[in-house]
Amino acid sequence: MQQKILILGTGGTIAGMAEDAEHPGKYRAAQLSIAALAAVIPGIEKAAGGSLDAQQLAQIDSKDMDDAVWLALLHACDKALHDDAVAGIVITHGTDTLEETAWFLHSCLGRLPKPVVLTCAMRPANALMPDGPQNLKDAVLAAASRTAAGAPLLTEVVAVTGGGELHSARWLQKAHPHRLMAFSSGEQGPIGWVGSDGVRLRDGQVPGGVTAAAQASLAVPSLPAPEAWPWVEIITSHAGARAAAVDALLAQGVQGLVVATTGDGTVHEALQPALARARSQGVPVWRSSRCSEGVISGGRLPVHADLGADLAVALNPYKARVSLQLALLGALR
Ligand code: SIN
């Protein structure tokens, strides 16, 4: 059977249009369909090594990303992962919350029998030199790439960003508000690169590797309708922090808190009694550093049993929030 790459469009700057192409900084995200974007990229079918199927799953600026779109993405990926005709999945997304969606999908899907590759752009589609077409073509090439033995090269959720960089969902974050190379994995660096001759993985990255047994046991957690997802907020520890911010959230029924801590996991003394009150009311409180690189000493990836713990999480606060939401849903792997 000829392989097919499925592209799921969700909007973002990659689908954006500027009123005036000479001033691409003033634009509206999520204007063009994914079918229209893919149709004008020379050689994209060749990069796919077969055919392409484009589906519009949402059409939003990713600052407005929500649980409903995440659930739709998860269902679409699950369906495609079980469809023998689909060799890989590409998701176009805005840059602003891409790291959160990547981490959500990675947390729910785990190791994969076929690649799920997110991509994006910093310039709108009608800029004089748009970055979206190259990023999308690179993402398709990455999703279609195989090992010498014919197995999919990438077996976890990854993102292709500017300059053909390939980043893991775990470390990727948007690091700059308008630079073309806006993403970074900090001290971990990219896991590889995509060029016209294919994917080059960083030394030490193991290509492929999901066994037939793992493929057969692929089970995506079944999540309830978005209205039933728990409310988890991020509270930042900063100079002049006030306990009233935590108490106001508790009074409104918040169900989980992630503290974006100073430095190595420290929390302003003014917040500590309120956070203790949260814990005593059964509201889990996890800590994650607000530093843009590195993780808190003793920090680790959360598991369901950490719900009651004063956990130091080895993720940035935005991804820690996703993990706490999934833990409360009983869906953390
Ligand atoms: C968005 O996140 O949808 C808008 C910004 C971007 O894609 O760069």
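**Exercise 1.** In which loop does Ala 30 lie? State also its phi and whether Ala 30 is buried or exposed.

*Solution.* This is a predicted model, in which local features need pLDDT of at least 70, side-chain atom pairs count only at pLDDT 80 or more, and totals for chains, interfaces and linings use all residues. Residues are numbered from 1 along each chain as its sequence is written, and side-chain values use heavy atoms, with hydrogens and water left out.

Step 1. Ala 30 sits in the loop between strand 3 (27–28) and helix 1 (34–39); helices (H or I, at least four residues) and strands (E, at least two) are DSSP runs, numbered from the N terminus.

Step 2. The phi of Ala 30 is near 60°, a positive value in a residue other than glycine. Most residues other than glycine have a negative phi.

Step 3. With a relative accessible area of 11%, Ala 30 is buried (buried is under 20% relative accessible area, exposed over 50%, partly exposed in between; 1.4 Å probe, protein chains only).

**Exercise 2.** Find the buried residues of helix 8 and say what they pack against.

*Solution.* Step 1. Helix 8 covers residues 272–280, and Ala 274, Leu 275 and Ala 278 are buried in it.

Step 1. Viewed down the helix axis, the buried residues of helix 8 fall within an arc of 100°, so they line one face. The arc is taken from the directions from the helix axis to the C-beta atoms.

Step 2. These buried residues pack against helix 7 (243–251), strand 14 (256–261) and strand 15 (285–289), where contact means heavy atoms within 4.5 Å.

Step 3. Just after helix 8, Gly 282 has a positive phi of about 85°.

**Exercise 3.** Which atoms of Thr 13, Asp 96 and Ala 121 lie by oxygen atoms of the ligand?

*Solution.* Step 1. A polar contact is a pair of N or O atoms within 3.5 Å.

Step 1. For Thr 13, a polar side-chain atom lies 2.9 Å from a ligand oxygen atom.

Step 2. A backbone N or O atom lies 3.0 Å from an oxygen atom of the ligand in Asp 96, and 3.4 Å from one in Ala 121.

Conventions. A polar contact is a pair of N or O atoms within 3.5 Å; within protein, one must be able to donate a hydrogen and the other to accept it, and residues adjacent in sequence count only if both atoms are side-chain atoms.
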